[in-house]
Amino acid sequence: MALSAIITHTRQCHSALYLRHFHSALSISRLIVTPRKPFSSQYFHSKKRFLTTMSSAGAQESKLTSPYGSWKSPITADLVSGSAKHLGGFTADPLGRLIWLESRPTESGRTVLVRQAEKEGGKPVDITPKDFGVRTVAQEYGGGAFSISGDVVIFSNYKDQRLYKNSMSSADSVPVPLTPDYDGPLVCYADGVFDSRFNRYLTVREDRRESSTNPTTTIVSVDLSINNIEEPKILVGGNDFYAFPRIDPKGERVAWIEWGHPNMPWDRSELWVGYVSENGDVNNRTCIAGGDPSIVESPTEPKWSPQGELFFITDRKSGFWNIYKWVESTNEVLPVYPLNAEFARPLWVFGMNSYEFVLNHGQKNLIACSYRKKGRSYFGILDVAMSMISLLDIPFTDINNITSGLDCLYVEGASAVLPLSIAKVILDDQKSKVVNFNIIWSSSSINSDYKPYLSSPELIEFPTKVPGESAYAYFYPPTNPHYQASQEEKPPLLLKSHGGPTAETRGIFNLSIQYWTSRGWAFVDVNYGGSTGYGREYRDRLVGCWGIVDVNDCCSCAEYLVDSGKVDNGRLCITGGSAGGYTTLAALAFKETFKAGASLYGVADLKSLRADTHKFESHYIDNLVGNENAYFERSPINFVDKFSCPIILFQGLEDKVVLPNQARKIYHALKDKGLPVALVEYEGEQHGFRKAENIKFTLEQQMVFFARLVGHFQVADDITPIKIDNLD
């Protein structure tokens, strides 16, 4: 396909301003963005000057009256894209020091293992050498890319997907490959654990040598004692998917989760236990949970206690993921603490760790855990014998993973004012109170100067199209200490539809949201029917109804905010990525609620998605959509005549989940129809954007696109818009 223009980023191009030089000479109908060098840090100094100037002005005069959307803010797209790091897992070394995996947008998304400084106030140390990146693409979404034992770390290297072993004590240590070289990233590994009894590494393997679209997934062992690299030994196979291989303390039993098409792991899965023979094979396998067809459940996260008892999480009977225990002598499964709340999350990525055993002097069986209930996380210590939980008060209102250190816990969490962080939590001797809470790592280094610009999320419950049913969302009002709008004006709204669609948006600190609200936009993040965090019944609302329930709920939420007098009915916009991009396109095609939209690597053609997508999700949408007629009727690409408002699309050219032809199809169809439309494609990006320059460009171009088409205001930032077909 011929390209109208290829724009190459260079070291000197630190903002979208460089595009100005091309607009006079080029007619850009489709923009291809290629990689460029990281940003200069100069913008931090300019933001500091801005904050100082505005603080001085604010002390001398009242707020400026200016239209919503036109407010100037120090929370720039540079700040959003350059300051946020992404967490890919964490653990503690034998000395109790935190080790975490962070993705750095300013290094083109490279993922690096980092160790906590030995002394308080010291600088953390990168463990991963510069020529390596710790990331697995197993099931495309990855996770569980590393594991440590003593001084040794085993990790998946992004470029070749081989497993490597490396010493963490020597800065000059060179990683040694453990798995064969297949002349490319054809075999992936994830979710591994050490097996000290046989000096080997047990891990999930995804083998794409025979088929890239239908790879074989197994649990294999990698020998750590030999010098010659050998083919890993298959221990468990035969099903479509595996996760959580976990070995008991004596190395005699191994537990794992497996599931097969057409199910996703949160629909139906099975928990198995096998007994390890003298030669290391896994024999006498028993299905512990999920094997009874009369019980609908999706067990997950098996874990052996220090005493050798098997615990896991499942949602049998109640429909909520609760903690259970397997009694081996009677082969019974017993609930530990029944509660209508979620103690786990859907298995989108490997390596989740929602609960952890707590060592204590009284030798009680205690579990540190968290649960979700109506949009909030609760953190506590569960006494297994007493079947009671003691809630603990910490600053996090949202908690993901938990792991043990030396006499402490490391907890991953966030709140409305705290970005995603890892905190060291020390409990008293009775494990009933928090005596110290100290943040060790944070995804963002934003200081207190920005706090006056932060909009606090309000959890709202709104009525859906189904009588008697409600859905949930987080609403963020426009917030800026130096600006106000006229009393006659209501703010424009940007509604976000989250991806998944089996996922959950959370009301936590998110700079990309604050980018909008600090400029005078209202923002709402919707947990439509089908989202997790509210139990199986809520999650199952989307079964057979994708493109209906999610679209209706997003429209109902926007209408609810209009009726509440909080937003402008004439300036409702919608955005979303992946499955959220599909909901965006479907809402624009089949409803008239929104006036403009932005789709990030979104789905336009459900039938093409089913045919082209990767193995993990290849049958996923069969459950969500249903019959062939529904595939046609709910695909926006088949109803271009129904679109009536402007759309901007963003797409990674290496995306294997939603292929680039999806965005191109909708782009050309809307262009031919005469609607204002723009398409931005990024070289080197996959499903989701990881490079700072692309995150920045996407955010700014959405802002100026909406401002030009429906905003009725001038943005305060100096952003040069790309050409919009059928408008410019």
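**A walk through the fold and its cavities**

Let me begin with contacts, meaning heavy atoms within 4.5 Å: among those in the protein chain with a separation of 6 or more, 59% are accounted for by residues 24 or more positions apart. What we have here is a predicted model, in which local features need pLDDT of at least 70 and side-chain atom pairs count only at pLDDT 80 or more, while totals for chains, interfaces and linings use all residues. Residues are numbered from 1 along each chain as its sequence is written, and side-chain values use heavy atoms, with hydrogens and water left out.

On overall size, the radius of gyration, taken over C-alpha atoms, is 26 Å, which agrees with the value near 27 Å that a compact globule of 728 residues would have, the globule rule being 2.2 Å times the number of residues to the power 0.38. The C-alpha trace spans about 75 × 60 × 55 Å along its principal axes. The chain holds 12 helices and 40 strands, where helices (H or I, at least four residues) and strands (E, at least two) are DSSP runs numbered from the N terminus. Of the 728 residues, 60% count as buried, that is, under 20% relative accessible area with a 1.4 Å probe and protein chains only.

Leaving aside residues up to four places away in sequence, glutamine 514 touches Ile75, Tyr453, Leu454, Ser455 and Tyr476.

Now to the cavities: on a 1 Å grid over the protein atoms alone, a cavity is a set of points where a 1.4 Å probe fits but cannot get out, and its lining residues have an atom within 4 Å of a point. Grid points are joined across faces, edges and corners, and a volume is the space filled by probe spheres set on the points. How many cavities of 30 Å³ or more are there? The count comes to 5.

The largest cavity has a volume of about 120 Å³, and of the 14 residues that line it, Gly500, Trp546, Ser578, Leu609 and Glu617 lie nearest its centre.

The second largest cavity has a volume of about 60 Å³, and its lining includes Glu342, Phe343, Tyr371, Arg372 and Arg506. Two elements give two or more residues to this lining, strand S25 (366–373) and strand S28 (398–404), and S25 gives the most, with 3 residues.

Note on methods: On a 1 Å grid over the protein atoms alone, a cavity is a set of points where a 1.4 Å probe fits but cannot get out, and a pocket is an open set with protein on both sides within 12 Å along at least five of seven lines; lining residues have an atom within 4 Å of a point. Buried means under 20% relative accessible area, exposed over 50%, partly exposed in between (1.4 Å probe, protein chains only).
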